[in-house]
Amino acid sequence: MASVALTGQLLARYAKVLKQINRHMCATQIPPGDIRTFISENTEIVGEKSLTPEIQLRLFTPRCRFWNERPELWPLSEPYWAIYWPGGQALSRYLLDNPAVCRNKKVLDLGSGCGASAIAAKLCGAAHVVANDIDTVAAIATHMNCELNGLEPLACVTHNMIASEPEAFDLILLGDMFYDEDLAGCLHRWLDRCIKTYRTQVLIGDPGRAQFEGHSIRRLLHQLAQFELPESVREENYGLSHSSVWCYRSEL
C-alpha cells in the first residue's frame, strides 16, 4: 500500500492539541455516511512508495487539507488510521510474500488502523478476517480501503479486545502496537493467554522502536523477515531504516 503519511512530528502535534481542545463533534455522533464523505474529501488514494504497492489505501498526504490545517479544526479523533505505519507495512509485505501463513485461517488484525494487514490476509486467502480498532472511524476507513482493493467489507469490531476473553483465532497480527510500555505489557499478557488457550500463531511487525526493543517480550520472539523501508517512509518515521516481522512464542 503506497503511502506518504503524516510525519511523526506532525502526528505528535495533532495528538497533543487534539487531547486539549473541547471538540464539538465526535465520531460516534456523526452518521457513517458523513464520515465516509469526510474521509473521501480529506484523504488521497495512494498505492506507491511503500512496501506493498499492490494495495491501495486512503491516507493523508501533503496534498490533503489537514496536512497543514490548524489541528483544532479536525473534527474526529486522532487520525492514526490515515497513516501506513512501518510495522504494518512489513507485516503486510510478509503476508503477501508468504500467503500460506494465513490461507484458509481465521485471522485477527489487532489495532488494525487503515486495515492494510487485514486486507493483505484476505487477499492471501484467509477464510475469515476480523479487523479490530477502538476508533470507529478506522472501521469505516477499512471498509473503504476494502472497496479500493476489490474486497467485500471485512468484519470490523471496535471494542477493546485486549480486555476481553481470547477467541479462537488461528493467527493474530499486530503492526506498530508496541509504542507504549503499559500497552505492551497488556498485550504481552493477553497474547500469552491466546496462545495457551488456542495455540494461536502471533506475528508482530515493528521497525525497532525503543519500547519494543527494550520490552521483555523480545526474548520470546523469533525474527522471520526484515525489510528495508522506502526513503519516503524513512523520512516520515524519524529515520528508521528497516522494519521486521517477528513470530511470538509463549512462555509455555
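1. Contact here means heavy atoms within 4.5 Å. Helices (H or I, at least four residues) and strands (E, at least two) are DSSP runs, numbered from the N terminus. Buried stands for under 20% relative accessible area, exposed for over 50%, and partly exposed for in between (1.4 Å probe, protein chains only). Just after H4, look for Gly-125, which has a positive phi of about 95 degrees.

2. A word on what you're looking at. This is a predicted model, in which local features need pLDDT of at least 70 and side-chain atom pairs count only at pLDDT 80 or more, while totals for chains, interfaces and linings use all residues. Residues are numbered from 1 along each chain as its sequence is written, and side-chain values use heavy atoms, with hydrogens and water left out.

3. How confident is the predictor? The score, pLDDT, is its confidence in each residue, from 0 to 100. The protein chain has a mean pLDDT of 86, and 87% of its residues reach 70 or more. Residues 1-28 have pLDDT below 50, and this stretch makes 81 contacts in the model beyond near neighbours in sequence.

4. Now the sheet. It is open, with 7 strands in the order E5-E4-E3-E6-E7-E9-E8 and mixed pairing. Two strands pair if DSSP finds at least two bridges between them. At the edges sit E5 (155-157) and E8 (221-228), each pairing on one side only. On average, neighbouring strands are turned by 20 degrees against each other, direction ignored. Axes are lines fitted to C-alpha atoms, for helices over the stretch in contact, and angles run from 0 to 180 degrees between N-to-C directions.

5. Some pairings to find on screen: E3 (residues 106-110) and E4 (residues 128-132) run parallel, joined by 5 bridges, and Asp-109 stands opposite Ala-131 in E4. Helix H6 (residues 181-198) packs on the sheet, touching E3, E6 (171-175), E7 (201-206) and E9 (242-248), and its direction makes about 165 degrees with that of E6.

6. E9 deserves a look too, since 6 of its 7 residues are buried. With E7 it pairs in the antiparallel sense over 4 bridges, and Cys-247 in E9 is the bridge partner of Leu-203. E8 and E9 also run antiparallel, with 7 bridges; there, Leu-221 is partnered by Tyr-248 in E9.

7. Over to a helix pair. H2 (residues 32-42) and H5 pack at an angle of about 65 degrees, with their axes 10 Å apart. Residues Pro-32, Ile-35, Arg-36, Ile-39 and Ser-40 in H2 meet Val-137, Ile-140, Ala-141, Met-144 and Glu-147 in H5.

8. Which residues does Val-233 touch, not counting residues up to four places away in sequence? They are Lys-49, Pro-86 and Gln-89. Val-233 is found in helix H8 (residues 231-236) and counts as buried at 1% relative accessibility. The C-alpha atoms of Val-233 and Gln-89 are separated by 9.8 Å, though the two residues are 144 apart along the chain.

Terms used
pLDDT is the predictor's confidence in each residue, from 0 to 100.
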